[in-house]
Amino acid sequence: MSTTLVDSPAPPRQEIRHRRRPPYLPWLLLSATMILLGVLTGYPVLRLVVMSFQEYERAQLMGQPAAWVGLDNYAEVLTDVEGFWVVLGRSFLLMVFLVVTTLVLGMLVALLMMRVGKALRLLVSVGLLLAWAMPALSATTVWGWVFDTQYGVVNNLLTRITGDDWFGHSWLLNPLSFFLILSFIVVWGAVPFVAFTLYAGLTQIPEEVMEAAQLDGASAFQRFRLIQVPYVRSIITVLVVLSMIWDLKLFTQVFVLQDIGGDRELTNTIGVYIYQTGMAQGHYGLASAVGVIFVAVMLAIAYPYVRRTLREEEL
Amino acid sequence: MNRNRLVGAAASAITLTLALSACGNAGGAASSPEETGPGEVRVWLVGSDTPQDARDYLKETFEEENPGSTLTIEEQAWDGLVDKYTTALSGSDAPDVVEIGNTQAAAFTSSGYFREITAEEFETLGGDDLLPGFVEAGDWEGKHYALPYYSGSRVVFYSDQVLGDTPVPTTLDEYVETAVDLRTKDLSGVYWPGQDWYNALPFIWENGGFVAEQAEDGTWEAGFSSEGGLKGLEQIQTIMTEGNNAPADTNETDLQVPFCEGQVAFLSAPSWIQWSINAPEEPETPDGVPGCASTYGSDLEAFALPGKDGGAAQVFAGGSNIAVAQKSARPDLAMSALEILLSDEYQTILAENGLFPAKTSLFEGVDQSTSIGAAAAEAAANAKLTPASPKWADVESQMILQTAFSKIASGEDVKAVAEKLDADIEEILNS
């Protein structure tokens with residue numbers, strides 16, 4: 001604590017007992033939220049963990065008792081190379097591609113919004129908001145129509161432009177083509193958030209710094225790399241972590257697109273895989289095990305970034 | 001300072017109370033166990049197979065026989081039905097009577113999702129008169145759970161305007177050849193979407209193959225890569241790649257669309273598609289689907305898929321079963337609805353609309369004077385079911401067959417696809 005100028009041989013017993021009232025008010029205010037969160041989020045997570053140690057099939061939903069199988073479910077999942085590991089690997093690759101594309105495009109759009117005039121900026125903002133507000137299910141369905149094999153707009157346009165007959169060209173049959181379409185849809189829906197957030201962050205940078213750099217002879221790219229990016233680095237970190245988590249647990253778009261066409265087995269990502277194992281096939285115990293493993297993976301991804309951000313804030 | 005704290009504490013107490021009471025009320029609508037008296041019954045019918053006349057009859061008759069009670073029909077989609085039923089039937093808000101595909105019934109009867117129909121009730125509802133194959137599909141361990149609702153096999157539709165002078169094929173090989181000959185850039189000989197596996201089964205069966213058989217010790221063996229299976233698959237690939245313009249990765253919904261554009265010579269579809277094709281171009285109801293009653297629907301004809309040596313081929317026995325949910329809130333009213341659904345009058349309405357009723361005695365109610373009716377009767381007489389395993393519903397819901405046939409439609413090696421398909425099916429059936 002504080003050092004006194006006079007160093008006494010023994011520390012004086014000055015402990016005045018400060019009876020501070022235990023802070024009850026913050027806990028009271030938090031209690032409503034905590035109860036709601038506990039019921040809505042905590043209980044399902046608890047059920048998930050418990051179920052991952054049981055053999056839970058359709059019959060158990062109707063009341064039959066569930067047998068405890070210990071780590072059997074986990075063993076089965078972790079040794080399932082063709083199923084679980086391939087899907088996990090595929091989801092990771094997809095996630096990397098999506099995050100990089102979303103951030104690059106989002107940054108470009110944010111920079112664009114800084115350069116253009118007010119009217120055009122408003123137009124871009126409205127467009128971005130509409131894309132962001134559209135529910136994933138409707139968006140994927142409409143995109144599916146656009147790329148429809150027989151009656152789609154894209155095939156029609158390509159036929160007119162290139163002269164070759166694109167009618168009947170299936171965009172979803174080939175897995176790589178499937179993921180290309182999926183990327184269109186996901187990036188289209190994810191860029192608005194990234195763009196708005198980065199725009200907000202970039203506009204905070206004081207003009208004088210940028211002007212000074214320009215006067216010193218820095219090129220646009222150097223200014224971007226050496227001034228703008230460091231200024232918004234914490235924002236970029238948050239966006240990267242959020243995007244990684246969202247893109248890894250992607251479900252709606254993949255599920256709906258698989259319904260429209262394509263090979264399920266070759267295009268499953270981890271979210272759809274959990275659904276297929278659990279709801280579609282009725283192996284709830286196995287699906288819970290996959291779910292728990294997935295949560296662990298995502299925590300592992302998020303942990304270093306969160307820790308770094310917390311440390312930076314303390315400084 | 002103290003007053004602020006007091007205000008703060010009061011505010012938080014009020015918020016807490018409001019939040020908790022909101023939670024409390026939401027869960028407060030508990031359903032009390034009912035035995036008698038008027039109530040509400042929900043019937044889930046799937047797809048558009050059940051004609052409107054039948055639905056009206058059901059509702060009116062039920063409300064007459066049970067004064068004060070109401071019956072609501074909720075239509076479900078075939079896609080994702082198994083997942084939907086798993087969650088709905090095991091929850092607290094289960095429907096009362098549900099229609100289930102005959103191939104999917106085993107998944108639910110084996111897990112206790114349906115209420116058992118006792119032997120006496122079974123006799124009252126029809127007993128031996130009910131379609132035997134379908135009764136089997138709805139039984140589990142000797143008890144009845146799901147009863148037959150209707151059956152309808154696939155027939156091959158055509159319009160003379162499109163077919164012209166080409167003669168109708170009389171054997172399966174002729175069928176394949178005609179399809180390949182007729183195909184042009186705009187016209188499909190046979191319109192066969194890649195994911196349609198129902199139409200593939202006759203080719204497997206007619207060539208001596210099988211889908212899956214259970215050995216003495218209970219293990220299942222799949223037969224797509226057997227000799228007969230491979231021959232059938234090769235014929236299928238010939239049609240799909242050389243006689244067909246349909247995309248390789250779409251399924252068999254809305255088949256009336258290309259037919260009504262005149263792009264199809266032969267359309268192999270369930271007999272009730274005649275209503276979709278013969279719907280007026282301007283639908284009468286806002287959500288009606290337009291058809292082509294005045295063009296290709298006007299001279300719509302059909303024949304039963306020809307067998308290897310003439311006659312009718314063995315086709316897939318399409319159709320549905322009907323069951324009462326175990327968790328139904330009013331099983332007594334649900335059974336009353338079930339009685340109406342299986343009554344002679346209701347089944348006759350189904351028969352008049354081209355569906356084959358659940359009771360064999362009512363078969364003559366199906367109008368066999370048209371070529372469509374006659375073809376449907378011929379096909380139904382030769383219909384076969386998919387393997388009787390509770391895990392078959394998993395094979396269907398995992399889209400294994402659809403994926404395999406998409407690959408065949410894309411021209412991949414038949415033997416490789418067949419062997420993988422067999423391995424996948426065996427893995428699920430034997431799990």
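Predicted model: local features only at pLDDT ≥ 70, side-chain atom pairs only at ≥ 80, totals over all residues.

Modeller: Happy to! Let's begin with H6(A), whose buried residues are covered by, among others, helix H8 (175-202) and helix H12 (252-260) of chain A. Covering is judged by contact, meaning that two C-beta atoms, placed from the backbone, lie within 7 Å. Residues are numbered from 1 along each chain as its sequence is written, and chains are lettered from A and ligands numbered from 1 in the order in which they are written.

Helix H6 spans residues 136-146 of chain A, and its buried residues are Thr140(A), Trp143(A) and Gly144(A). These three lie on the same side of H6(A), because the arc they cover around the axis is only 105 degrees; that arc is taken from the directions between the helix axis and the C-beta atoms. The other side of H6(A) carries the exposed residues Ser138(A), Val142(A) and Trp145(A). Buried here stands for 20 or more other C-beta atoms within 10 Å of a residue's own, exposed for 12 or fewer, and partly exposed for anything in between, again with C-beta atoms placed from the backbone.

Among the buried residues of H14(A) are Ile270(A), Val272(A), Tyr273(A), Ile274(A) and Gln276(A). After H14(A) comes Gly282(A), with a positive phi near 85 degrees.

Stepping back to the chain that holds both helices, chain A has 15 helices and 2 strands. Of its 315 residues, 27% count as buried. The radius of gyration of chain A is 27 Å, whereas a compact globule of 315 residues would have one near 20 Å; the value is taken over C-alpha atoms, and the globule rule is 2.2 Å times the number of residues to the power 0.38. Along the principal axes, the C-alpha atoms of chain A fill a box of roughly 95 × 75 × 35 Å. Among contacts in chain A between residues at least 6 apart in sequence, 69% link residues at least 24 apart.

Now for the partner. The contact between the two chains involves 27 residues of chain A and 29 residues of chain B. On the side of chain B that touches chain A, H1, helix H3 (81-90), helix H16 (392-397) and helix H17 (400-409) of chain B supply at least two residues each. H1(B) gives the most, with 7 residues. By class, this side of chain B has 9 nonpolar, 15 polar and 5 charged residues. In this sorting, Ala, Val, Leu, Ile, Met, Phe, Trp, Tyr, Cys and Pro are nonpolar, Asp, Glu, Lys and Arg are charged, and the others, Gly among them, are polar.

For chain B as a whole the mean pLDDT is 84, with 93% of residues at 70 or more; pLDDT is the predictor's confidence in each residue, from 0 to 100. The model as a whole scores ipTM 0.70 and pTM 0.77.

As for its build, chain B has 18 helices and 16 strands, and 50% of its 431 residues count as buried. Its domain assignment lists domain 1 (40-151 + 318-373) and domain 2 (154-316 + 398-429), with bounds from an automatic or database assignment. The centres of these two domains of chain B, taken over C-alpha atoms, are 27 Å apart. Between them, 6 residues of domain 1 of chain B are in contact with 11 residues of domain 2 of chain B.

Methods:
Helix = DSSP H or I, 4+ residues; strand = E, 2+ residues; numbered from the N terminus.
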